[in-house]
Amino acid sequence: ILEKDALKVLLVDDDSADRILVGRLLSRGELDVNLLESEDASAALAVDTEDVDVILLDYFLPGLSGLDAIANLKARWPWAAIVVLTGQGDESVAKQAIQMGAVDYMSKKKLTRESLWRVIENGVELAFMRWRLEQQREELSQFAEMMLHDFKAPVRALLFTSEEISEGLDRADDTSLRE
């Protein structure tokens, strides 16, 4: 999945020191990184780019929290891997983040170059598979609707024909009874 030359990463964090740290960790990876930064979720959603591979999202943000921003970010970039980062979280927050669509959750206290790149590589692959699965579900749903419509047409024709035959037989019976 990570076959392209540069990885586009959107880092959403209100702490400039954390943004610098993550930027340093990302710059020491195997891939070139095009790092876009934002201090809050609203500004992140306004970023002028069509493609983002990874969103590193701080849990505590001013305004819209990281968890609350996940749905909006997924709607804007449905194929992007969202990783929630926090300095003060617990397993319940991690569980919530995953349930809301994040591919992973990391403590900022345990960030290393290796752990961050491992999460990114796994996350990008997982996010792509999720996105592709959703695309296939939509295609299958459209196919099922089309097949249902196509199967209804002959059934309607048969019903119409059988009603015509039945009415014709009823008229024939009425005519023979009158004679």
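Analyst: Happy to! Let's begin with Leu126, which counts as partly exposed because its relative accessibility is 31%, a value between the 20% limit for buried and the 50% limit for exposed. Please keep in mind that this is a predicted model. Leu126 sits in helix H5, which covers residues 113-178. Together with Phe128 and Met129, Leu126 makes a nonpolar surface patch of about 250 Å².

Staying in helix H5, we also find Ser115. With a relative accessibility of 9%, Ser115 counts as buried, since the limit for that class is under 20%. The Ser115 side chain makes a polar contact with the backbone nitrogen of Thr112, at 2.9 Å.

Now for helix H1, made of twelve residues, 16-27. From the first C-alpha of H1 to the last is 16 Å, close to the 16 Å expected at 1.5 Å a residue. At the start of H1, Asp15 places a side-chain oxygen within 2.8 Å of the backbone nitrogen of Ala17.

Which residues of H1 are buried? They are Arg19, Val22, Gly23, Leu25 and Leu26. Looking down the axis of H1, these buried residues fall within an arc of 165°, so they line one face of the helix.

Technical notes:
Residues numbered from 1 in each chain as written. Predicted model: local features only at pLDDT ≥ 70, side-chain atom pairs only at ≥ 80, totals over all residues. Heavy atoms only, no water. Patch = residues over 30% accessible without salt bridge, like charges linked within 9 Å, V, L, I, M, F, W, Y side chains within 5 Å. Areas by Shrake-Rupley, 256 points an atom, 1.4 Å probe, with all protein chains shown as cover. Salt bridge = Lys/Arg side-chain N within 4 Å of Asp/Glu carboxyl O. Helix = DSSP H or I, 4+ residues; strand = E, 2+ residues; numbered from the N terminus. Buried < 20%, exposed > 50% of the residue type's maximum accessible area, 1.4 Å probe, protein only. Expected span 1.5 Å × (residues − 1). Arc of directions from axis to C-beta. Polar contact = N/O pair within 3.5 Å; in protein donor to acceptor, adjacent residues only side chain to side chain.
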